[in-house]
Amino acid sequence: MTSPYFLQVPMLKDVKSQAPEAICELVPSNVNRNVMMNREAPPFDNPELRRAVALTLDRKAFLDTLTLGKGDLGGAMLPPPEGVWGMPAEMLKSLPGYDPDVPKNRAEARKTMEKLGYGPDKRLKITVSTRNILPFRDPAVLLIDQLKEIYIDAELEPLDTVQWFPKVMRGDYMVGLNLTGNGLDDPDQTLYENFTCGAEGNYDRYCNPELDRMVDRQSTEFDPAKRKELVWAVEPQTGGRRGPANPLAQPFRHLLAPPCQGIYPDGQ
């Protein structure tokens, strides 16, 4: 028995082959994977470098590999159609790295890296830290592979859970691959918990008073349509705390939890 969040999509084939009577469904879960860069220490205190990382990410490749194409791209909020508040796909594509033309994005990223002094003969060596369980570790391996496209060689640092959370809260990392779970599809829960100054889930301690004011404004808007527009204005700004000065938001989103009916211990 396992939590539905840890039963990854590729494992469903094994489940179905071993228990053909099981009925498994993929349903949305408000959990996203995201890249954190330590903006308080070199080299990622440079916003241009953070933007280059945002541009090299091939989000579709993450989805195809980790969810067999069953995941959804999104920002901070649960994306539509299941999510009420997530940005429309066309709006999402305007954010750095969300343009589906990956070769074009990476060409721009390499130009930035070369301007910063890096290249084929001078590669940036970093460490990617993550929690040592599959939902964290697998995307971290893919991230490391994609960073090679822009002259960054990364070493994986897998950490036990008891080490991982204190480490990110101390800011003792270069790059981190993290999962953010949200209890509700609601802007107040997501934005206040993870993106405002001093928030418990604001691991990289980014603090922008203007962003906080934007979050407050959406929270006090009673008209759902107007509030949604305010949320869409906030969402791109949330990438400023997790990644580049320009929006990164979430590198990709895994929204699938497969509950299976028909598999019970002890005949229950």
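Which residue caps the N-terminal end of α9? Hold that thought, everyone, and keep in mind that we are looking at a predicted model.

The cap is Asn 208, with a side-chain oxygen 3.0 Å from the backbone nitrogen of Glu 210. Let's stay with this helix, which covers residues 209-219. Its buried residues are Leu 211, Asp 212, Met 214, Val 215 and Gln 218. Looking down the axis of α9, you'll find them within an arc of 160°, so they line one face of the helix. As a reminder, an α-helix has 3.6 residues a turn, so residues three or four places apart point the same way.

Now for the cores. The largest nonpolar core has 26 residues. Met 113, Ile 126, Val 128, Leu 143, Leu 147, Ile 152 and Val 175 have the most contacts inside it. At least two residues of this core come from each of β3, α2, α3, α5, β4, α6, β5 and β6.

Beyond its neighbours within four places in sequence, Val 128 is in contact with residues including Ala 140, Leu 143, Ile 144, Leu 147 and Val 175.

Finally, please find strand β3, residues 31-37. Seven of its seven residues are buried, so the strand is largely enclosed by the rest of the structure. Val 31, Arg 33, Val 35 and Met 37 are buried on one side, and Asn 32, Asn 34 and Met 36 on the other. β3 runs antiparallel to β6, joined by seven bridges, and Val 31 has Gly 181 as its bridge partner there.

Key:
Residues are numbered from 1 along each chain as its sequence is written. This is a predicted model: local features need pLDDT of at least 70, side-chain atom pairs count only at pLDDT 80 or more; totals for chains, interfaces and linings use all residues. Side-chain values use heavy atoms; hydrogens and water are left out. Buried means under 20% relative accessible area, exposed over 50%, partly exposed in between (1.4 Å probe, protein chains only). Helices (H or I, at least four residues) and strands (E, at least two) are DSSP runs, numbered from the N terminus. Two strands pair if DSSP finds at least two bridges between them. The arc is that of the directions from the helix axis to the C-beta atoms. A polar contact is a pair of N or O atoms within 3.5 Å; within protein, one must be able to donate a hydrogen and the other to accept it, and residues adjacent in sequence count only if both atoms are side-chain atoms. A nonpolar core is a set of buried Ala, Val, Leu, Ile, Met, Phe, Trp, Tyr and Cys residues joined through side-chain atoms within 4.5 Å. Contact means heavy atoms within 4.5 Å.
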